[in-house]
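Please look over the sequence and the structure shown here before reading on.

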Amino acid sequence: ADHIAAIGTIVAHRRSARGAALVGAAWGLGHSASVLVVGGALVLLRVPMPTRVALALEFVAAMMLIALGARAILAHRHDASPISTTRPLLVGVIHGLAGSAVLALLVLGTTTTALAAAVYLLCFSVGTIAGMALVTALLTLPTRLNAGRALSFERGVRVVAGVASVAIGLAMAHRIGVRDGLFGATPLWP
């Protein structure tokens with residue numbers, strides 16, 4: 001849900017499925033790059049990420065969701081600017097870093113060789129890029145179907161995406177900071 005919320009705030013104003021797919025692919029590329037580098041290093045070294053570091057990275061992703069949501073809610077103009085892939089790439093990197101600890105543990109528990117782990121991570125990365133490109137292209141469908149009232153509809157979609165992103169970010173931040181104990185003496189890895 002946090003991945004869709006983040007990318008939803010970025011593509012809520014796009015009408016072009018191709019442009020949205022490009023944004024989603026950029027997000028997937030950033031996510032995959034950080035997963036391959038950090039998750040791959042953890043798998044090759046056969047070590048888990050320290051609990052506090054993993055929780056801190058997830059907390060950064062939660063704060064980013066809140067910021068993206070607030071930005072989407074406060075946006076007042078239709079953005080007809082050329083498609084930029086820089087922001088989705090960076091958002092994907094942050095989400096990938098936040099998910100690297102869990103993915104590395106999954107790969108460590110299910111593979112026995114470095115080659116099998118590398119193939120797993122590579123397949124996961126290709127699937128992430130393709131999946132996010134498809135999901136973001138589909139997110140443009142309501143706007144395209146409602147072309148007659150596009151500007152007011154886009155604003156509504158942007159606000160809904162923003163509110164969802166803020167809500168998910170706040171829930172994540174609370175879970176990570178309070179329940180999982182990021183700011184406590186003994187953090188817990190759920």
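## Terms and model

A residue is called buried when its relative accessible area is under 20%, exposed when that area is over 50%, and partly exposed in between. The model described here is a predicted one.

## A network of salt bridges

Side chains of opposite charge can pair when their charged atoms come close. Across the whole structure, a search finds three salt bridges, and Glu58, Arg175, Arg179 and Asp180 are linked by such bridges into a network. In one of them, the side chains of Arg175 and Asp180 meet at 2.8 Å, taken from N to O; Asp180 counts as buried because its relative accessibility is 3%, a value under the 20% that sets the limit for that word. Asp180 also forms a salt bridge with Arg179, where the closest N and O atoms are 3.4 Å apart, although Arg179, at 52% relative accessibility, counts as exposed.

Arg175 meets Glu58 as well, in a salt bridge of 3.3 Å from N to O. Arg175 belongs to helix α7 and Glu58 to helix α3, so this pair ties together parts that are 117 residues apart in sequence. Glu58 is buried, with a relative accessible area of 12%, while Arg175 counts as partly exposed at 23% relative accessibility.

In soluble globular proteins, nonpolar side chains tend to be buried together. The largest nonpolar core in this model has 20 residues, and those with the most contacts inside it are Ile7, Ile10, Leu68, Val91 and Ile176. At least two residues of this core are supplied by each of the helices α1 (2-11), α2, α3 and α7 (150-179), and the largest share, six residues, comes from α3.

Which residues does Ile176 contact, once its neighbours within four places in sequence are left aside? The contacts of Ile176 are then Leu55, Glu58, Phe59, Gly181 and Leu182. Glu58, one of these partners, is also a member of the salt-bridge network, and Phe59, another of them, returns in the next section.

## An aromatic pair

A pair of aromatic rings is described by the distance of the centres and the angle of the planes. The structure holds one aromatic pair, in which Phe59 and Phe183 are arranged edge-to-face, with 5.1 Å from centre to centre and 90° between the planes. Distant parts of the chain are linked by this pair, for Phe59 lies in helix α3 and Phe183 in the segment after α7, 124 residues apart.

## Surface patch and loop

On the surface, Leu36, Leu122 and Val126 form a nonpolar patch that together has about 260 Å² of accessible area. Val126, which lies in helix α5 (residues 114-139), is exposed, with a relative accessible area of 52%.

Arg46 is found in the loop between α2 (17-45) and α3 (51-74). The phi angle of Arg46 is near 55°, a positive value in a residue other than glycine, and Arg46 counts as partly exposed at 41% relative accessibility.

Technical notes
Residues numbered from 1 in each chain as written. Predicted model: local features only at pLDDT ≥ 70, side-chain atom pairs only at ≥ 80, totals over all residues. Heavy atoms only, no water. Patch = residues over 30% accessible without salt bridge, like charges linked within 9 Å, V, L, I, M, F, W, Y side chains within 5 Å. Areas by Shrake-Rupley, 256 points an atom, 1.4 Å probe, with all protein chains shown as cover. Salt bridge = Lys/Arg side-chain N within 4 Å of Asp/Glu carboxyl O. Helix = DSSP H or I, 4+ residues; strand = E, 2+ residues; numbered from the N terminus. Buried < 20%, exposed > 50% of the residue type's maximum accessible area, 1.4 Å probe, protein only. Core = buried A, V, L, I, M, F, W, Y, C linked by side-chain atoms within 4.5 Å. Contact = heavy atoms within 4.5 Å. Phe/Tyr/Trp six-rings, centres within 6.5 Å; stacked < 30°, edge-to-face > 60°.
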